[in-house]
Structures are given as C-alpha cells and as structure tokens.
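User: I have a model open and want a quick walk through it. Can you take my questions as they come?

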Amino acid sequence: MRNITKIASFLFTFLVPAIVLAAPGAAETSGSERSIYGFAMAIAIGLAALGGGLGQGRAVAAALEGICRNPNSAGKVLVPMLLGLAFIESLVIFALIIAFTLGGYVAPTIGG
C-alpha cells in the first residue's frame, strides 16, 4: 500500500502540471514544438515542487526534533527555520518563473 501511495504521488506531481499547462499553441510556433515546451514546463515545475517539498519537510523535521530534544531552544530555532523555508520556497517560485518564461508566457511590461 505504501508503494502505491508513492507511485500515485509521483504521477500526480508530474501529470497535473502537464494537464494544466496544455494551452493552445501560439501562431509562430508549431504544435509539436509547443508541446515540447509544455512538457519541459511540466517537468520543471514538478521537479521544483517535489524537491521543495522534500527539502521543507526535512528542514521542519530537523527543527522539530531539535526543539523536542531541547525545548528551551524553540525561540532560537524558529527564526532560522522560517528563514530557511522562505529560501526553499523562493527557489520553487524561481523555477516556476523559469518554466513560464521557457514556455513563452511572459507578462507584458507596464507601459509597453
């Protein structure tokens, strides 16, 4: 049962972004080229979410284990843990921005 859960979560991580990013192709690119970009975007977002989730889970687990071993250190552990979680999340958001830039979904500039 545990292996089925792992396989399902792996497939969910990689297939949902592919379904969500299945957008109609632009006029200047062919359908096959556009599908390659969509697949690359899905893989990039899936890997970033998978890696970020694993990293955040390990960081929180280590911080909570340290707090459980020494409850007096909760104040000293909380701020660095939150800062580390913010850095991990920023890397995931950076991967999302790169994926959308790769796919050509760049936001228009202000005034241009």
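User: Is Ser 73 buried or exposed?
Analyst: Ser 73 is buried, with a relative accessible area of 15%. Buried means under 20% relative accessible area, exposed over 50%, and partly exposed in between (1.4 Å probe, protein chains only).

User: Where does Ser 73 lie?
Analyst: In the loop between helix 2 (31-69) and helix 3 (74-103). Helices are DSSP runs of H or I with at least four residues, strands are E runs of at least two, and both are numbered from the N terminus.

User: What is Ser 73 in contact with, leaving aside neighbours within four places in sequence?
Analyst: Gly 66 and Ile 67. Contact means heavy atoms within 4.5 Å.

User: Before I go on, what sort of model is this?
Analyst: It is a predicted model; local features need pLDDT of at least 70, side-chain atom pairs count only at pLDDT 80 or more, and totals for chains, interfaces and linings use all residues. Residues are numbered from 1 along each chain as its sequence is written, and side-chain values use heavy atoms, with hydrogens and water left out.

User: How many helices and strands does the protein chain have?
Analyst: 3 helices and 0 strands. Along the sequence the pattern reads α-α-α.

User: And how much of the chain is buried?
Analyst: 19% of the 112 residues count as buried.

User: Switching topic. Where does UniProt place the "transmembrane region" feature?
Analyst: The unreviewed entry puts it at residues 37-56 and 77-107. Such annotations may be inferred rather than shown by experiment.

User: What is the chain like over residues 37-56?
Analyst: That stretch is 100% helix and 0% strand. Its end C-alpha atoms are 28 Å apart.
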